[in-house]
Every structure is written in C-alpha cells, then in structure tokens.
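Trainee: Please take one part of this model and go through it closely. Then place that part in the whole chain.

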Amino acid sequence: MPELRQVNLSVEEIPDKWYNIQADLPEPLPPPLDPETGESRIANLPKMLIGECLKQEFSQDRWIPIPEDLRSLYAQAGRPRPLFRALNLEKRLGTKARLYYKSEFYSPTGSHKVNTALAQCYYAQKEGFERLTTETGAGQWGTALAYAAALTGMKCTVYWVRAVYSWKPQRRNLMKLFGAEVFASPSDKTEFGRKLFSKDPNHPGSLGIAISEGLEDSLKDPKATYSLGSVLNHVLTHQTIIGLETQKQFEKFGDYPDIMIACLGGGSNFGGFTLPFLGEVLTKGKKIRFIGAQSQVAPNLQGEYRYDFADYAEMTPLLKMYTLGHHLNMAPIKGDGLRYHACSPLLSFLRHKGYIDTIAYPGDEKKVFGLMRDFVRAEGFLPAPESAYAIACAIEEAKKPENAGKAIAFNISGHGFMDMDGYDEVLKF
Ligand SMILES: *Cc1c(COP(=O)(O)O)cnc(C)c1O
C-alpha cells in the first residue's frame, strides 16, 4: 500500500453533537456587560439573536445535539470533509515533520462559514422566521448565508460594505444566484443608511455601518432575524464540527497533532478546528501547541485583554476579549476576513490562560502568498487568501529543526477561486 494521503469518514460518521468547551473551562467565561451609559445591550440580545443560538451562547452543556435534519444539510453541503496528509509538500520542503490539512475548501460557497450558516437558518426557520438579514465585509459570510437560506427555503438580505461590493461582482452575483437580496451599504433601504447615502451615494461604507443596517432591517420586521458569522460562542460551537471530524480522522491515521494552526480573524475557523483538541488539553492532559495566524494590519491576539464592543456602532454588549479597539482603522489586505479588531471571547480567555500562541505576517502579503504558492504547487488545492496565513505558518513550523518528527495540522478555511485578482496583484503573474 502506498502511504495514506487522505482519511475521510462516511456520511453516518458526521458528528451528531457539537462540543461546547464552556463545560470544561477551569473557570467561567467573563460575562458580557452593559456600558455605563445608554440602553441595555444585553436586554436587546433576544431581539438580535435567534432563540436557540442565544441559548447555546450561554449553555454550560458539554455536548449540544445536532438535529437530524441539520446533519442531513451538512451531508448536502459535502460533509464530512477529508483530512489530507501533505506528503508532496513534506517532500518539497524536505521536512521531517508530518503535515496534515483539513479541507474546508470543499465548501460549496468557498468557506467554512456554511457550517454555522446552515445551523442558523435551520433554527431561524424552526422559530417561525422567514428572512435573515446580515452584513458582510469580504463577502464570504454573505455568500454562506445566502446559500444556507436557499437550502432551507428562507429569504436572505445582505448589506455589503460598498467598497468591497463594487470590486467583487462575482461573489455578488453568486449571492443573487442563491436568491439573496444584496445591497451596497450604506443603502437607501434603512433609516441609518439613508442618512449617509443621501449625502454621498458613493460612500465606501464600513462593517459597522453594514451591521447597523442589517440590525435595523431585522428589528423592523417581525418575520426577520439577524445572523452573525463569527466571534460569538454559539458560532464557534457550530464550527466544532470541523475539529470533531478531524479527531476521528487522526485516529484513523494512527497519529495525533503536536501543533495545530489556523488563520484567525474573529476566531470561528480557528475555534472550530481546535476547540475539541483544546478540550483534550484541558481535561486529558494532552500537549498541543496552538497557533493563530494573523495579519500585522489586525494582530488582535497581541492587543489588550479587556472589555470592548464587538462592532463599530456599539450595538453589541461589551465582551471581554483581546482587542485593538473597536474603532481601529485597518489597511486593506486580500485576506480581508482577517481584518477584525478583536478575537472571540472564548479563544481570548484561552489565550489569556496561556494555551494559544500567535504570529502576525506583514500587510503586503508577499511572504504569506509566496509560501502559499509552494503549497499550491505541491498539493494542488487553491486556498482562500485568509487560509494562506495558516499555510504560511505551517510551512515555517515544518522548516524548524526542533519540529522534526512532529505532527503539524492546519485548517484550510476556504478556497480562493474568487480571489485570483487579489493573488495576481500581490504575486504579479
Ligand atoms: C471569514 C473567513 C475567515 C476569518 O474568520 P474566522 O471567524 O476567524 O474564521 C477565514 N477564512 C475564510 C475562508 C473566511 O471566509
């Protein structure tokens, strides 16, 4: 037999529960707080979040069952996804480390975000909603929600930061093909948006403005609910499907990771990939080094551990997290999904306790994309620009003499088929 290059699971082996690490933390997570002035953000949460998601946000249950119909949707989305051994890349690098990568690039929309989008649409529909509203920055979240809405027979409205809306027509058209309404934000559809739009129809917009529009839209329509794609506990819990599959796959490989790496913007793919393993570190004494790969334009894991808002417009409660400040201006990068000012409270807490390391790469992305090219030429899969950060970090770790003999696992959060222009700008084909 040639050496094993891939382990996959059968459809029956799709996990039937998500892992909620809150049950295994050494002490409870610091709770969300209200700011000293203004209306209560915490009291507003039930209006902002889907009921089941809000329940999961604070749940202390170790395991949260995945409903059968949702497991079936996961199968429809192509789960489980293979864990590959990067034999070609190992050879190309001449490393003595064993490299493994998880293939979220097989997602129908191009990112891991479908894992929570499907869950949120499923619950929203159960609770009687007919429409989901959201904002999107890079476009991956809006596309994932548009896809999930289509599969569950829901309507979907996406407010997309105008500056990005204008230069990503392909992703915009994909959302529309899935049946979503897509508006450049600020738009003339909401009161908040109209104030800015009427003064400047070419206003470039921002994530904060788009969030405000999405929230206003959903609050005004009793049949609509708002949906968030990263940062929050329930989103990370949904994403643990990635790590739970990976655990079973490592068993079948007869190996166990010494180092685990994922890119980290708000933390959902990093958390999804690592939390089940972090649980084993907390409860079973396993030793794994976890590294979040970031950009120097938004190295939030190197920020301060303190209470901050999760959004620009200050509509969320204050969350205790590593933050660079919620009004930080971040230079544009192609790995746009990594441009977020803070890291999810769950992962921030674990970093504060010493479990998570980080590295941040230069904003010109030449180094990251250069290393990504080695991966593409060896393994043949085209990663999303964000995922290239995890690949770059894994390659650098594999080259370190002290990591000879170690197993290094990295998550490839998405594919880059809609990002070739960005790659061209940096790599100059
Ligand atoms: C959104 C996105 C990210 C960053 O978000 P996280 O919540 O940190 O995972 C990374 N990779 C891809 C492909 C994305 O779409």
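Mentor: Start at Thr133, which stands opposite Tyr226 in β9. This is a predicted model, where local features need pLDDT of at least 70 and side-chain atom pairs count only at pLDDT 80 or more, while totals for chains, interfaces and linings use all residues. Residues are numbered from 1 along each chain as its sequence is written, and side-chain values use heavy atoms, with hydrogens and water left out.

Strands are DSSP runs of E, at least two residues long; helices are runs of H or I, at least four long; both are numbered from the N terminus. β6 and strand β9 (residues 224-226) run parallel and are joined by three bridges. Two strands count as paired if DSSP finds at least two bridges between them.

β6 has another partner. It pairs with strand β7 (residues 155-161), also in the parallel sense, over six bridges. Here Thr134 stands opposite Val158. From β6 the chain passes through helix α6 (residues 140-152) to reach β7, a right-handed β-α-β crossover. Right-handed means that, with the strands pointing away from the viewer, the path from the first strand over the helix to the second runs clockwise.

Now the side chains. In a regular strand they alternate between the two faces of the sheet. In β6, Arg131, Thr133 and Glu135 point one way. Leu132, Thr134 and Thr136 point the other way. Buried means under 20% relative accessible area, exposed over 50%, and partly exposed in between, with a 1.4 Å probe and protein chains only.

Next, the domains. The chain is divided into domain 1 (29-65 + 113-226) and domain 2 (78-111 + 239-427). Those bounds come from an automatic or database domain assignment. Taken over C-alpha atoms, the two centres are 24 Å apart. Their contact takes 32 residues from domain 1 and 35 residues from domain 2. Contact means heavy atoms within 4.5 Å.

Follow the chain past β9. Val231 is found in the loop between β9 and α11 (233-253). Its phi is near 70 degrees, a positive value in a residue other than glycine. Val231 has 8% relative accessibility, so it counts as buried. Glu314 also has a positive phi, near 60 degrees. It lies in the loop between β12 (304-309) and β13 (318-323). Glu314 has 28% relative accessibility, so it counts as partly exposed.

Check two peptide bonds as well. Arg79 and Pro80 are joined by a cis bond, with omega about -5 degrees. Pro80 is in the loop between α3 (68-76) and β4 (83-85). The bond from Ser185 to Pro186 is cis too, with omega near 5 degrees. Pro186 is in the loop between β8 (181-185) and α9 (191-199). Most residues other than glycine have a negative phi, and most peptide bonds are trans.

Last, the whole chain. It has 16 helices and 15 strands. Its radius of gyration is 20 Å, close to the 22 Å that the globule rule gives for 429 residues, so the chain is as compact as a globular protein of that length. The radius is taken over C-alpha atoms, and the rule is 2.2 Å times the number of residues to the power 0.38. Of the 429 residues, 62% count as buried.
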